[in-house]
Amino acid sequence: MDLSDRQLQILQAIITDYVENAEPVGSRSIAKKYDLGVSPATIRNEMSDLEELGYLTHPHTSAGRVPSDKAYRLYVNELMKKNLSAKDKRMINDRLSASRDEFDRTIRHAAELLSEITHLASFAMTPATNDETISFIRLLPVDDRTLILMIVGESGNITNTTLRLNVPYTQEALELLSKNMTVSYKGRTLDDVLKGEIIHDVGSDIEALSALKGSVMPSFLRTLEDMLNVNLYMEGMTNIFNLPEYTSIDRARDFMELFARKDWFTQKMLARGDGVVVTIGDENDTMKDCALITASYHVDGKLVGKVGVIGPTRMKYGEITSVMEYLTNNLSESFRLTDSTGDGNAGGKKQKK
C-alpha cells in the first residue's frame, strides 16, 4: 500500500524529530513543531494508521511513537535529502590533502574524519593487493646503516619501509641490488613472489652484495606479506557511550564485540556492494540493532577499499551519506593516476608507509 502525501509528510516529521531528540514523538509535538496544516487529532489518526502499516512502533512506557526499520528504509529510499556543510567540506579537503602522499595514513585520516564529523563509530579499509604486480624496486640511502626499501606496483601503489641494516653498504651496491631485484621480480604478483625461493631469486656473485642481500631480503619478505593484508582502521568506538541506545551495558558490550572479531568484520565489509550502501536493522545479519553505511573509493576506476559508519538505526542518514560520498570522491581523486612515467611512479600520489 502506497502512503498518501500527508502520511509521508507526517512520517518524515516523526523521523526528523526522533533522530534529533531520541524521544518518542507525539501528535501534539508534531503539530506544534511542523507546519503540516492539520490538527493534532488528524496527525494522531494518521500515526495510528502508520503504526498498523509497520512504519511506527509504540514503546510501552510512552504515548509517543518511534520509527521502525521499515520507516527508515522508506526514508532513505524516497524522503532523504542529502546535504553537506561548507565546514565539513573544508575539513575533509584540508585533512586529507595534508597526508595524500602517504596512502595508509590518508585512509586512516578518512576514518578519523568520519568519526569526528558523524560522532559515530567509523572504519576504513585499505585494499587487498593479491593481484598487484611489481613494477620496480629501489633501495634509497638514509645513513650508513639505514635505508628505505621502496616497492612500486604496476598500479602506481608505493610502499616505503625503513630498514636498519647490520652490515655497511655502498651506493654502488644499493643500485646494483635494486636493479637485480627489479629484474627478478618485475611483472610478478606479490603472491607469486612469496611462493618462490625469494632469497635465491636474486643473484649475488659479489661478496659485498651477498651480505647486503642477506640483510635486505627478510625485510623485503615481511613488506610483501604486509602488502597482501587488508588493513582495517577503526575510530570512535567510544562515541557509542554518548548515545542513549547504548546506555545498557549489554547492548554496548554486544556492539564492541562486533569490532573485536576483526577478520569476520572485514570479510563482511568486503562482501558489500560498490558505491554507497545503507543497511538498516534486520537487513544486517548479526547487527540487527544497527545501521551500517559503507562507501567505496577507487584508484583510476578500480575499486580498492571501503569506508564506513556504524551506529544505531537512529542516525542522520542524509548528512552521513553526503559526507561519505564527498570523502570517497576526494580519496578517489587524490589517488588518480595522472602520470604514467617510465619508472611506474604515478606522481607519488599513492604511497603506503
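**Close-up views of the predicted model**

**Figure 1. Overall surface and fold of the protein chain.** The model shown is predicted. The protein chain contains 13 helices and eleven strands. Of its 353 residues, 49% count as buried. Among contacts in the protein chain between residues at least 6 apart in sequence, 61% join residues at least 24 apart.

**Figure 2. Crossing of helices α1 and α4.** Helix α1 spans residues 5–21 and helix α4 residues 69–79; their axes come within 11 Å and cross at roughly 110 degrees. An angle of 65 to 115 degrees counts as roughly perpendicular, and α1 and α4 are therefore roughly perpendicular to each other. On the α1 side, the contact is made by L8, L11, Q12, I15, Y18 and V19. Helix α4 contributes A71, Y72, L74, Y75 and L79. By class, the contact of α1 with α4 has ten nonpolar residues, one polar residue and no charged residues.

**Figure 3. Salt bridge between D17 and K33.** The count for the model comes to twelve salt bridges, and one of them is shown here, in which the side chains of D17 and K33 meet at 2.8 Å, N to O. The pair links distant parts of the chain, with D17 in helix α1 and K33 in helix α2 (residues 27–33), 16 residues apart. D17 is buried, its relative accessible area being 6%. K33, by contrast, counts as partly exposed at 49% relative accessibility.

**Figure 4. Salt bridge between E51 and R65.** The closest N and O atoms of E51 and R65 are 3.0 Å apart, and the two residues form a salt bridge. E51 belongs to helix α3 (residues 40–52), whereas R65 lies in the loop between β1 (56–57) and β2 (66–67). The two residues are 14 apart, and the pair links distant parts of the chain. E51 counts as partly exposed, with 26% relative accessibility, while R65 counts as buried, with 12%.

**Figure 5. Salt bridge between K268 and D285.** The side chains of K268 and D285 meet in a salt bridge of 2.8 Å, N to O. K268 is located in helix α12 (residues 262–270), and D285 in the loop between β8 (277–280) and β9 (290–299). This pair, 17 residues apart, links distant parts of the chain. K268 is partly exposed, with a relative accessible area of 29%.

Terms used
Residues numbered from 1 in each chain as written. Predicted model: local features only at pLDDT ≥ 70, side-chain atom pairs only at ≥ 80, totals over all residues. Heavy atoms only, no water. Helix = DSSP H or I, 4+ residues; strand = E, 2+ residues; numbered from the N terminus. Buried < 20%, exposed > 50% of the residue type's maximum accessible area, 1.4 Å probe, protein only. Contact = heavy atoms within 4.5 Å. Axes fitted to C-alpha atoms, helices over the stretch in contact; angles between N-to-C directions. Parallel < 35°, antiparallel > 145°, perpendicular 65-115°, else oblique. Nonpolar A, V, L, I, M, F, W, Y, C, P; charged D, E, K, R; others polar. Salt bridge = Lys/Arg side-chain N within 4 Å of Asp/Glu carboxyl O.
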